[in-house]
Amino acid sequence: MALFKKRTVGKPGEWFYCLEHKKVEEGPECPAKDRFGPYTSRQEAQHAMETAQERNLEWENDPKWHDRQGPDEDASG
């Protein structure tokens, strides 16, 4: 058992959105696997989920990501 917990290091003024606790943090408080960021402002971090959703929609509709045929499509189109 570790005697000292390794503190996640962050810079003042960096903001993160914790996916586990669903809250904004100044400096990384939670592990990297559980957070989005860093963001330059608290407001930007508050909208992290909306930003991710918008980017996902853009990627899903980007023709460069759909250059392979799916299993239900045949070669004739």
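Modeller: A residue counts as buried when its relative accessible area is under 20%, and as exposed when that area is over 50%. The model here is predicted.

Biologist: Why is D34 called buried?

Modeller: The relative accessibility of D34 is 14%. The cut-off is under 20%, so D34 counts as buried. D34 sits in the loop between β2 and β3.

Biologist: What is D34 in contact with, leaving aside its neighbours within four places in sequence?

Modeller: Y17, C18, L19 and E20 are the residues in contact with D34 on that count. Contact is taken as heavy atoms within 4.5 Å.

Biologist: What makes the pair D34 and K33 a salt bridge?

Modeller: The N to O distance between the two side chains is 3.3 Å. The rule asks for a Lys or Arg side-chain nitrogen within 4 Å of an Asp or Glu carboxyl oxygen, so the pair of D34 and K33 qualifies. The side chains of D34 and K33 are also joined by a polar contact of 3.3 Å, for which the limit is 3.5 Å.

Biologist: Is K33 buried or exposed?

Modeller: K33 has a relative accessible area of 68%.

Biologist: How many salt bridges does the rule give?

Modeller: The count is two. K23 and E29 form one of them, with their closest N and O atoms 3.3 Å apart.

Biologist: Why are K23 and E29 called partly exposed?

Modeller: The relative accessible area is 34% for K23 and 39% for E29.

Biologist: What makes G27 buried?

Modeller: G27 has a relative accessible area of 11%, and buried means under 20%. G27 is in the loop between β2 and β3. Not counting residues up to four places away in sequence, G27 touches E14 and F16. The C-alpha atoms of G27 and G13 are 7.2 Å apart, with the two residues 14 positions from each other along the chain.

Biologist: How do you know that β1 pairs with β2?

Modeller: Four bridges join β1, residues 15-18, to β2. Pairing needs at least two bridges, so β1 and β2 pair. They run antiparallel. F16 has E25 as its bridge partner in β2, and C18 stands opposite K23. The hairpin of β1 and β2 has four residues between the strands, and K22 there takes a positive phi near 55°.

Biologist: How many bridges join β1 to β3?

Modeller: Three bridges join β1 to β3, and these strands run antiparallel. W15 stands opposite Y39 in β3.

Biologist: Which way do the side chains of β1 point?

Modeller: W15 and Y17 point one way, F16 and C18 the other way, and all are buried. In a regular strand the side chains alternate between the two faces of the sheet.

Biologist: Why do β2 and β3 stand at the edges?

Modeller: The sheet is open and has three strands in the order β2-β1-β3, paired antiparallel. β2 (23-26) and β3 (35-39) each have a single partner strand, so one side of each lacks a neighbour in the sheet. Direction ignored, neighbouring strands are turned by 25° against each other on average. Helix α2, residues 48-60, packs on the sheet and touches β1 and β3, with its direction at about 100° to that of β3.

Definitions and conventions: Residues are numbered from 1 along each chain as its sequence is written. This is a predicted model: local features need pLDDT of at least 70, side-chain atom pairs count only at pLDDT 80 or more; totals for chains, interfaces and linings use all residues. Side-chain values use heavy atoms; hydrogens and water are left out. Helices (H or I, at least four residues) and strands (E, at least two) are DSSP runs, numbered from the N terminus. Axes are lines fitted to C-alpha atoms, for helices over the stretch in contact, and angles run from 0 to 180 degrees between N-to-C directions. Buried means under 20% relative accessible area, exposed over 50%, partly exposed in between (1.4 Å probe, protein chains only). A polar contact is a pair of N or O atoms within 3.5 Å; within protein, one must be able to donate a hydrogen and the other to accept it, and residues adjacent in sequence count only if both atoms are side-chain atoms.
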